[in-house]
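Here are my notes after going through the model you sent. Have it open beside you as you read.

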Amino acid sequence: MKEKIEAIRAAIGSEIGQTGSRKELFELKMRYLGKTGEISALSKGMRDLPPEERPEAGKLVGDVRKWAEELFASREEELKAKELSERVQKERIDVTMPARFSPAGAAHPVSLVRAELVDIFGGMGFDVYEGPEIERDYYNFQALNIPADHPARDMQDTFFVSGEYLLRSQTSSGQIRVMETKKPPIKVLSPGRVYRSDSDATHSPMFHQMEGLVVDKNITLCDLKGILDEFARRMFTAETKTRLRPSYFPFTEPSVEVDLSCHNCGGKGCRICKGTGWIEVLGAGMVNRRVLENCGIDPDVYTGFAFGIGLERIAMIKYGIGDIRLLFENDVRFLKQFRG
Amino acid sequence: MKAPLSWLKDYVDIDVTPEVLQEKLFSCGFEVEELLYAGAEIDRCVVGKIERIVPHPDSDHLQICTLNCGSFGEAIQIVTGAHNIKEGDLVPVALDGSSLHGGVKIKKGKLRGVESCGMLCSGEELGITDDWYDGAEVNGILILRGDIPVGTDIKKVVGLDDYIFDIAVTSNRPDCQSIYGIAREVAAVLKKPLAALDLTYTAGEETTSGSVRVSVEAPDLCPRYIAHRVTGLKGGKSPQWMRRRLALCGLRGIGNIVDITNFVLLELGQPMHAFDLSKVQGGQIVVRRAAKGETITTLDEKEFSLTRENLVICDAEKPVALAGVMGGLNSGIGEDTAEVLFESAKFERANIRRTSRALGQKSDSSARFEKGVDAYTTGIAINRALHLVCELGCGTVAADRWDIVAPAAQARPVSVKTRFSAINGLLGIDIPKEEIKDILTRLYFSVSTRGDELTATAPAFREDIEGFPDLAEEVIRMHGYDSIEGTFLARASVTGGGLNAAQRAEERAKAVLRGQGYCEAVTYSFISPKDYELLRLHGEAERAIRIKNPIGEDMSLMRTTLAPSMLAALVRNIRRGNEGARLFELANIYLAHELPLASLPEERRTLCFGLYGEGEDFFSAKGALEALAASFGVRFGYAPAQRPFLHPGKTAEVTLGGAVVGYLGELAPDLAEELSVEARVYLGELDYAALAAAADLTVHCSPLPKFPEVRRDLAIVVGEDVSCAAAEAVIAESCKYVTCVRLFDVYRGEQVGVGKKSMAFSLTFTPRDKAVSPEDADGYVKRILKALHEKLGADLR
């Protein structure tokens with residue numbers, strides 16, 4: 001018995017090293033440890049031994065079984081690691097090869113600016129109202145304190161349709177439509193397309209404006225400045241400053257032009273701000289009393305301010321676009337740059 | 001508005017640099033668009049005395065001069081070809097390294113072997129005319145007059161040492177469209193006194209009323225008309241100082257009377273006119289509306305046919321001036337004019353504007369009247385002109401005048417009664433009462449106060465003042481806008497804000513398309529009649545709203561479809577060599593209810609998309625619509641259709657709830673050829689408003705199914721004309737458990753026979769209250785097949 005066991009140990013010891021796969025190992029294992037395997041046969045052969053030898057023989061068989069099982073288990077681990085390593089080696093890829101995906105499109109820069117403005121002012125409690133693009137003279141001019149033949153009409157080269165109808169030259173027309181239907185407190189943005197007969201590198205016959213209007217009790221010029229300061233910081237940088245300077249619009253009094261400190265040079269003067277440190281971005285002012293009266297709002301009770309932002313102008317400043325015409329050519333090489 | 005510094009200094013003691021004055025004007029609302037130095041071109045050019053002239057040894061026409069230029073050199077040798085000089089003359093000397101008019105640089109050099117260390121200059125080389133310095137236009141060297149120290153900068157001698165402020169004046173301040181108006185602001189901002197204009201004159205014995213009778217028949221268009229006669233004219237040039245001022249502002253000297261009217265126009269902003277009284281027939285001046293068809297030939301020899309809308313100045317027989325625009329050729333003054341009638345009038349600005357526009361006739365005068373002239377200045381200006389006549393000694397001023405003021409225009413000072421607290425309340429800061437009072441006083445308001453109450457009477461030349469916000473503006477522009485500190489609606493109501501549901505839905509549609517790889521385009525709202533022709537949309541252009549004054553015919557119609565603009569954008573991308581593009585635009589189309597418009601047109605939000613490039617086909621284009629449908633919770637229907645600009649076999653009409661809401665298709669091959677486009681281009685257009693109306697954007701969450709779904713594939717053979725949609729419809733209605741039908745293969749070939757095709761569908765059965773067994777599924781398929789056979793003649797493949 002002892003010799004037999006030693007022979008089996010020796011055989012397993014040499015054969016196990018020859019196995020190259022877990023399948024071969026399994027077959028070998030069956031040959032020794034399977035139900036009909038050689039070690040199992042040893043157990044069965046115990047019956048032929050004299051009873052007094054059986055305990056010792058039993059122990060020997062038990063030992064060899066345990067030894068063999070451990071050996072097979074450890075070899076299995078080895079082979080498993082080997083196979084895994086071979087597989088991952090074989091499946092190795094060049095991770096720098098291109099990905100498959102369908103790239104998203106892009107928002108138009110004017111839409112990006114518009115969305116950002118809606119976000120900034122929406123958070124301050126401004127609603128959004130879009131008025132008609134083909135307007136009546138009354139809303140575009142008269143109600144805004146620009147009567148027929150007023151010299152301020154020269155500031156805007158208006159496209160006319162017929163009779164009292166024209167293409168709105170400013171989103172300020174939206175102010176009137178809002179104030180006619182809504183009573184204070186009013187905080188509204190009126191974005192949209194506007195039209196002026198002008199076309200060159202900085203003017204387009206169609207462009208976008210966003211009018212802002214606040215009407216309530218106790219609104220001051222300082223409030224206008226505060227709102228625009230916040231706009232400047234959020235649209236450009238936290239350091240951006242605003243500067244008000246006197247101007248004239250028939251629908252506001254006092255009227256101001258609003259300059260922003262140049263985001264490029266921080267106000268030191270550069271090419272973008274033409275050396276002045278300031279960039280003119282919008283017109284604003286306290287709503288003219290006549291405009292409030294025209295809309296049935298008592299100017300002795302309420303005051304307000306309005307501002308008009310050119311979206312193309314903001315986009316050109318913010319994204320460094322040199323020629324306004326790029327915005328309307330719709331070349332995908334241009335549009336794709338405005339990834340969202 | 002051009003204002004020379006030297007002229008402003010006549011009225012205000014300006015003790016700051018031009019740059020500082022520019023800043024000050026900017027801060028109080030007068031942007032100096034350009035600060036020009038009149039002598040910017042001229043450098044290192046000084047007065048020199050010709051000490052000696054000797055002939056050039058090697059030239060007949062050249063002479064060698066020795067110049068004394070004081071500290072710049074007492075014996076400078078210069079060779080010149082001019083011969084109008086003599087020893088002892090003072091002349092402009094361009095030294096070595098100097099610059100002259102037109103960018104000319106002068107360097108030391110040799111002329112025929114003789115060294116020349118500069119150049120003697122003519123007036124032209126200094127860029128000046130006789131108006132700047134008499135003698136500047138002679139052919140030769142400019143000979144200077146008087147006793148001028150040698151070495152003096154020539155710019156100081158000829159009037160070029162001056163600054164010109166080119167100022168943008170806003171349209172509410174016509175009173176500042178003049179030198180004196182700007183001087184008023186300069187005085188206010190510098191806190192200096194303003195010198196009064198000399199308006200005195202000595203009158204002779206002749207009268208105006210004895211020679212001419214003036215009547216105003218259209219007082220609504222002519223609120224004030226002043227006429228004053230001047231006799232015994234002595235024609236000739238006006239003095240150098242006056243012509244130099246005109247030249248600084250870009251006007252030429254014509255003759256003393258015309259120069260006086262131009263001078264007054266610049267100085268006070270009041271256009272004036274002078275009629276030759278010998279040409280005014282019947283001793284009459286009538287200000288009236290023109291008769292229809294009446295004609296006038298203006299000074300520039302253009303003839304105009306007039307209407308009742310035009311105001312004319314007439315004598316007893318005919319118009320002698322187009323009021324406020326230009327005098328008539330028949331009454332203009334000339335060298336032999338013996339007596340004139342000066343006109344200083346206020347014409348209604350809107351009427352002058354309309355006349356100027358309608359006739360296409362403009363002048364300095366009409367431009368000025370359009371901006372607005374105040375009746376007060378009309379009276380000042382005539383006195384100023386008469387003062388200048390006396391100063392120049394060029395005529396005798398009559399003892400009386402006509403001054404006809406319409407009752408409506410009787411000067412009544414505008415008084416604003418308000419409170420200091422109202423002004424500060426609007427501004428949001430607290431400016432002391434004393435300062436407010438001081439600022440308004442400096443701006444020529446007369447101010448009285450009682451406690452918080454404030455009454456400010458505007459000066460007669462300020463017709464823009466209406467209420468306390470105007471006073472607030474005057475105060476803050478002088479006090480300084482930099483004192484306005486930002487506050488954040490501290491005392492206002494809190495309101496909600498942001499986009500409403502419809503506006504958010506638009507953002508959603510755009511996001512869906514961006515997710516599908518589409519870039520957002522923005523195109524002009526106006527298109528060309530030719531665009532409709534190109535797309536074979538004949539007759540459609542007549543339904544579009546037409547712009548009366550378009551930039552050009554190609555931008556004259558408000559579009560009723562976005563397709564032409566989208567097509568143009570795609571073609572531009574193709575021509576630029578871009579390999580592919582997916583573009584969309586969400587914008588309005590403009591649909592008139594009637595033409596010409598009698599009501600606001602419908603502005604219908606419309607979505608257009610277009611694409612081309614490798615891998616793109618009709619179905620990838622259709623993907624854009626299906627992505628939208630999925631997001632908006634709607635189902636589009638598709639049916640073969642025709643559009644004149646699309647491929648007859650690859651065009652679908654898109655329906656929603658039975659109504660046509662759009663189309664989709666490939667660009668017609670003949671149109672592609674016409675555009676020289678080889679790529680296949682796909683276009684779709686959708687009534688976004690209809691989509692938004694039908695959208696179901698609320699999410700209703702369903703529980704997950706308790707039982708697993710069962711899938712079956714089904715391949716059928718049908719006739720060519722059976723559409724996928726028809727088969728899908730039969731499948732869906734023949735078994736209620738079918739929740740998804742997806743076509744995954746279409747096969748044509750011998751196996752299925754001619755005129756037939758095989759379609760393979762993947763079907764998904766979703767159990768409701770009990771599991772679907774394999775046997776159940778087989779049963780459903782059988783039932784579906786039976787229905788397909790009965791309704792579409794389909795057989796199992």
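This is a predicted model: local features need pLDDT of at least 70, side-chain atom pairs count only at pLDDT 80 or more; totals for chains, interfaces and linings use all residues.

1. I'd start with the open sheet in chain B, which has four strands in the order 14-21-13-22 and antiparallel pairing. Its edges are strand 14 (272-276) and strand 22 (396-405) of chain B, each pairing on one side only. From one strand to the next, the twist averages 20 degrees.

2. Inside that sheet, strand 13 (residues 224-231) and strand 21 (residues 340-346) of chain B run antiparallel and are joined by seven bridges. If you want a pair to click on, Ala227(B) has Glu343(B) in strand 21 of chain B as its bridge partner. Helix 6 (residues 256-268) of chain B packs on the sheet, where it touches strand 14 and strand 21 of chain B. The direction of helix 6 makes about 160 degrees with that of strand 14 of chain B.

3. Next, have a look at strand 25 (residues 453-457) of chain B, where the side chains alternate.

4. What does strand 25 of chain B pair with? Strand 23 (residues 415-419) of chain B runs antiparallel to strand 25, with five bridges joining them, and here Lys417(B) stands opposite Thr455(B). Strands 24 and 25 of chain B form a hairpin with two residues between them. Check Gly451(B) in the turn: its phi is positive, at about 65 degrees.

5. On to a helix pair: helix 7 (residues 349-359) and helix 8 (residues 364-371) of chain B pack at an angle of about 140 degrees, with their axes 7 Å apart. That angle makes helix 7 of chain B oblique to helix 8 of chain B, and the crossing is left-handed. Arg349(B), Ile352(B), Arg353(B) and Ser356(B) in helix 7 meet Ser366(B), Phe369(B) and Glu370(B) in helix 8. By class, the residues of this contact are two nonpolar, two polar and three charged.

6. Last, the contact between the chains, which takes 78 residues from chain B and 69 residues from chain A. On the chain B side, helix 12 (residues 468-479) gives the most, with six residues. That side has 36 nonpolar, 25 polar and 17 charged residues.

Conventions: Residues are numbered from 1 along each chain as its sequence is written. Chains are lettered from A and ligands numbered from 1 in the order in which they are written. A residue is buried if 20 or more other C-beta atoms lie within 10 Å of its own, exposed if 12 or fewer, and partly exposed in between; C-beta atoms are placed from the backbone. Two strands pair if DSSP finds at least two bridges between them. Axes are lines fitted to C-alpha atoms, for helices over the stretch in contact, and angles run from 0 to 180 degrees between N-to-C directions. Angles under 35 degrees count as roughly parallel, over 145 as roughly antiparallel, 65 to 115 as roughly perpendicular and the rest as oblique. A crossing is left-handed if the near helix is turned anticlockwise from the far one by less than a right angle, and right-handed if clockwise. Two residues are in contact if their C-beta atoms, placed from the backbone, lie within 7 Å. Ala, Val, Leu, Ile, Met, Phe, Trp, Tyr, Cys and Pro count as nonpolar, Asp, Glu, Lys and Arg as charged, and the others, Gly among them, as polar.
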